[in-house]
Amino acid sequence: MSRAIATVFGVGLLRPAPGTWGSLAALPLAWALHVLGGFTLLALASVAVFFVGWWATRAATAGAEDHDPSEIVIDEVAGQWIALWPVSYGAQFAGVDMLALWPGWIAAFVLFRLFDIWKPGPVGWADRRHDAWGVMLDDVVAGVMAALCVAVLAALAHGVLV
């Protein structure tokens, strides 16, 4: 079961760029969570996926030399969901369908992937832990950084930061 969760039921086995596939798989799941329970459910699910992902990653990599094999993409799901928090919150606040905020979706996806691949500052620090916490934390930090950028971009787009 841990391997199925760690690979998001096989999504991590897709090539090329399994991390990007994991992030893409996270998008419709985030939308469904938002539809079912709004921002609150998406935020709670993000926290739950972090801890379940940590367990699954730890179990799937036990005894392996590679602490972060590319097929493990549950960390991308957690990070991508966090990157989408401003979109979910904004949609709920405005009383609109989350899909109507499509520029935010694109920004959240692109920025999350950028920070996850580039690994600036604290993202790289978390990645260098070389354990299951690091596997999950680097994507959480990348997600937080992406979410902050999405919020700033939304504020600029809506004239709040002019």
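A: Asp116 is buried, with a relative accessible area of 5%, where buried means under 20% relative accessible area, exposed over 50%, and partly exposed in between (1.4 Å probe, protein chains only). The model is predicted, so local features need pLDDT of at least 70 and side-chain atom pairs count only at pLDDT 80 or more, while totals for chains, interfaces and linings use all residues. Residues are numbered from 1 along each chain as its sequence is written, and side-chain values use heavy atoms, with hydrogens and water left out.

Asp116 forms a salt bridge with Arg113, with 2.7 Å between the closest N and O atoms; the term denotes a side-chain nitrogen of Lys or Arg within 4 Å of a carboxyl oxygen of Asp or Glu. Both residues belong to helix α5 (residues 102-118) and stand three residues apart, about one turn of the helix. Helices are DSSP runs (H or I, at least four residues), numbered from the N terminus. Arg113 is likewise buried, at 10% relative accessible area.

Asp116 also meets the side chain of Lys119 in a salt bridge (3.3 Å, N to O). Lys119 is partly exposed, its relative accessibility being 24%. A further salt bridge joins Lys119 to Asp138, whose closest N and O atoms are 2.8 Å apart. This pair links distant parts of the chain, 19 residues apart: Lys119 lies in the loop between α5 and α6 (122-127), and Asp138 in helix α7 (residues 132-157). Asp138 is buried, with a relative accessible area of 1%.

Together with Glu76, the residues Arg113, Asp116, Lys119 and Asp138 are linked in a network of salt bridges. The whole structure contains six salt bridges.

Conventions:
Helices (H or I, at least four residues) and strands (E, at least two) are DSSP runs, numbered from the N terminus.
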